[in-house]
Amino acid sequence: MLNEPNSLINEVSPYLLQHSYNPVKWYAWNDETLEIARKENKMLLISIGYSSCHWCHVMEKESFIDFDVAEIMNRNYICIKVDREERPDIDQIYINAVQIITRRGGWPLNCFALPDGRPIYGGTYFPKDQWKNILESLQETWINEPEKVKEVAEELAQGISNSEIINRKTPVESLNIKESLNNSIHEILPALDFRNGGTAGAPKFPMPGFLKLLLKYSFHSSNAEITKFVDITLGKVANGGIYDHIGGGFFRYAVDEKWHVPHFEKMLYDNAQLVELYSLAYRVNPNPLYKKIVEETVNFLEHELQSPNGGFYNSLDADSNGQEGEFYTWRKDEIEKILEYDSELFCSALGVTPVGNWENTNILRRCITNEQLEAIFNLPSQEIDYRLNRSIIKLRNERNKHILPLVDDKIITSWNGLLISALAQAYISFSNKQYLELALLANSYIENNHFVDGALKRISCKEKVYTDPFLDDYSNYINALIILYNATLNKEWINKADALLQKAISDFWDSNSGMFFYTPSNNKLIARKMELIDGVIPSANAQMATNLLQLAGILQNENYKSLSTQMLANIAENISSSGLFVYAWVEQFLAKSLPLILVKTFKNDIEDINKIQCNTIYPNIIFEKIDGELKPEIQVCYGNSCQEPETDTNLIIDRINRIKLNS
């Protein structure tokens, strides 16, 4: 029998609704909740997570549905549940606090705070007995030594306010682009795992934006060592357990250093960025595996995360039927029963054994190549591909009969922006019109649903549109419009991107520092922070610097160029030891270390332009369609010098690809 619902029953977030029948008296974050805490002089217990998070589910089962634990929480605290995807601004504050306290962060994130929101203590997952001890000891301290608690809160609040923030402008004259680029790459190299790919140690996150930087840098520096590293990483990720070999798409990260064992949630932002990464990698190394990964991942996104109206949902849960990864793992006898004649070949290719490779079951990973299978089974490669594909279809059909992982059906502007960009890049790389159609459909969804009275909103879910946008919503969506322009040369996308950029400058720009705040000026939290550090997703400020630079070139807007240069000068002074956590900024140093290229076409169609794009990854290039007299020619300009018009696109491609950092 279910408990009486708490106040979360009135929310739309799948994560909050998951907790709406907990015996804990959860509240949503709002002014009314904070007022209750002030009136009752109770500490806040702020618990932050997201719907597809495995350890969030574990802590709920152990503690939040336990009546004894709930009684302690309800008696002593105002308990607030936050969906980090709805309110990344809140998450940003309290994960910063936990990182200061524990030197680590993650989800579930549990942070205790004064009634005014200033944090005093926190951590991530707590086992039940430890959680009860913390609840009781903190309450005892609050009752008996309130001044001591307030001193801790004041110290923490100052630490939060002073981290990931730039307070003043750095003189742009001090900016040395090539020095900043070289220093950053030098800082990154020791962190790389040249044997297994990715960064050294475990856990391993794919970090697609980081790999995109190294892909472009290695090509334009002719650095064979980094080129090899990128190829190794892309192969290991594509063949490892972090990739779903039956249904397509990537899991969030691997817990081990060899990409074998994933955490099984599938996030839109990971899959979007990996589609873009493999599409770009194919342009310089047309590996059939890269094309296959893009095709299968886009197919997964279309069938599993696309809403009926074209927008894309957030994620798939790590758990199904109450067990982590149950939907994705297999016993060998199951596979033998389903595949019969093909089972031996499939099990050899995907590493399936009777004892299993994870908790008495098998995570599929491609561990034997076609060439090795040819030798073992004395079969031609074409026959092997046919039988493996046939096996995958059979297993997928069988898997779909099982209890499916839950879908988080929020549609977020920021993450859809990432996917629109990726699909447009995939269209350029593979000339597959389906990818462009999906990108345009997703963009139409955002245009038709996420603008209310002309103002952008962050989220739509269950027919509700809500939450004012944060900087990442602007930065990633503006970038999507720029990439749509590159794919189509339709100036409409640039006009829309420009209008949104001006709105972002109006609401988020800080003239004192020459940077963007993450939240608008009406922010009510204990600190107004900037997002400067690149994580799995590039930081919002780094993406805005990119947008400014791109639009400055396309629109010949000197103000945008000046703003972008100021941001790079600011960050260059602050990243001497940040290494791989500033990769999106370093990509801008790379772009500005190479001459600006303008490619003009005088034709109605843009097939030649797309051909140039699909064979280059040059980071400082602008494309333009000249209206008027039509000529079968393309003109390339380097800086302020334009070449004679040219009809041979292969010659243009070769010229662009020959430009190197040391040339």
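This short talk goes through salt bridges, aromatic pairs and charges over rings in the structure above.

Please keep in mind that this is a predicted model, in which local features need pLDDT of at least 70 and side-chain atom pairs count only at pLDDT 80 or more, while totals for chains, interfaces and linings use all residues. Residues are numbered from 1 along each chain as its sequence is written, and side-chain values use heavy atoms, with hydrogens and water left out.

Let me start with the charged pairs. A search of the whole structure gives 36 salt bridges, a salt bridge being a side-chain nitrogen of Lys or Arg within 4 Å of a carboxyl oxygen of Asp or Glu. One of them joins E154 to R118, with the closest N and O atoms 2.8 Å apart. This pair links distant parts of the chain, since E154 is in helix α7 (residues 146–162) and R118 is in the loop between β4 (109–113) and β5 (119–123), 36 residues apart; helices (H or I, at least four residues) and strands (E, at least two) are DSSP runs, numbered from the N terminus.

Another salt bridge is formed by the side chains of R168 and E573, at 3.5 Å from N to O, and here the partners are 405 residues apart, R168 in the loop between α7 and α8 (177–188) and E573 in the loop between α22 (558–572) and α23 (583–593).

Now to the rings. The count is 24 aromatic pairs, where rings of Phe, Tyr and Trp (its six-membered ring) pair if their centres lie within 6.5 Å, and planes under 30 degrees apart count as stacked, over 60 as edge-to-face and the rest as tilted. W26 and F64 form an edge-to-face pair, 5.0 Å centre to centre with 85 degrees between the planes, and W26 belongs to strand β1 (residues 26–27) while F64 belongs to helix α3 (residues 54–64). W26 is buried, at a relative accessible area of 0%, and F64 is buried too, at 1%, where buried means under 20% relative accessible area, exposed over 50% and partly exposed in between (1.4 Å probe, protein chains only).

What else joins these rings? W26, F64, Y77, F112, F126 and W131 form one aromatic cluster.

Finally, the charged end of K81 sits over the ring of W26, 5.1 Å from its centre, the rule being NZ of Lys or CZ of Arg within 6 Å of the ring centre and within 35 degrees of the ring normal.
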